[in-house]
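Please open the structure in your viewer and keep the sequence panel at hand.

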Amino acid sequence: LLALARAHDRPITPSETVSAQALFRAVLEDMWPLAQARHIDIGVAGEHGVELLAATDDVTTMIKNLVENAIRYTPAQGRVDLAARTDADDVTLIVSDTGPGIPAFERERVFEPFYRGFGADAGGSGLGLSIVKTIADRMRAQIHLGYTDEANQSGLTVRVVLPGARRGGVA
């Protein structure tokens, strides 16, 4: 609840240039014990050298919530991947997993505070995606949910598009 209150409370101003890889590394360090305990393979893919102008704490909070959800909902021996991509002036942060995914009819509701999807038994309070959405809205970012494997309608891929956040480029 405190994290949700903070997400609503303070203005988000892109204040510093940060490496997407550095953000991912910080989140992976925090989430590594949970991933190991659940036997989840977690890694980074995508473009390297992506830098973005962002409020670092807020982007880190978004990524951390997305990764924590992915780890909790992915079965043992599954995989969670983080990636960053650039397009024109935008940066897209991507978290993909091999869990059950979220059916299309539930994708709007999962952002409501305390909402727990049908069959959700992974623990937690139902606030993670609400925090992500609150921060994304304040950053004017767009969130897209889809299946990681469209053919089998499984896994979840979350794309957060940060408009005008691209700084630097691909190394």
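**A guided tour of selected sites**

Begin with S96, whose side chain makes a polar contact with the side chain of T157 at 3.0 Å; a polar contact is a pair of N or O atoms within 3.5 Å, where within protein one must be able to donate a hydrogen and the other to accept it, and residues adjacent in sequence count only if both atoms are side-chain atoms. This is a predicted model, in which local features need pLDDT of at least 70 and side-chain atom pairs count only at pLDDT 80 or more, while totals for chains, interfaces and linings use all residues. Residues are numbered from 1 along each chain as its sequence is written, and side-chain values use heavy atoms, with hydrogens and water left out.

S96 lies in strand 5 (residues 90-97); strands (E, at least two residues) and helices (H or I, at least four) are DSSP runs numbered from the N terminus. With 16% relative accessibility, S96 counts as buried (under 20% relative accessible area, 1.4 Å probe, protein chains only). Beyond neighbours within four places in sequence, S96 is in contact (heavy atoms within 4.5 Å) with R79, V80, D81, T148, L156 and T157.

Next, select residues 128-138, helix 4: eight of its eleven residues are buried, so helix 4 is largely enclosed by the rest of the structure. The buried residues are G128, L129, S130, I131, V132, T134, I135 and A136. Just after helix 4, select R140, which takes a positive phi of about 60 degrees.

Notes:
Buried < 20%, exposed > 50% of the residue type's maximum accessible area, 1.4 Å probe, protein only.
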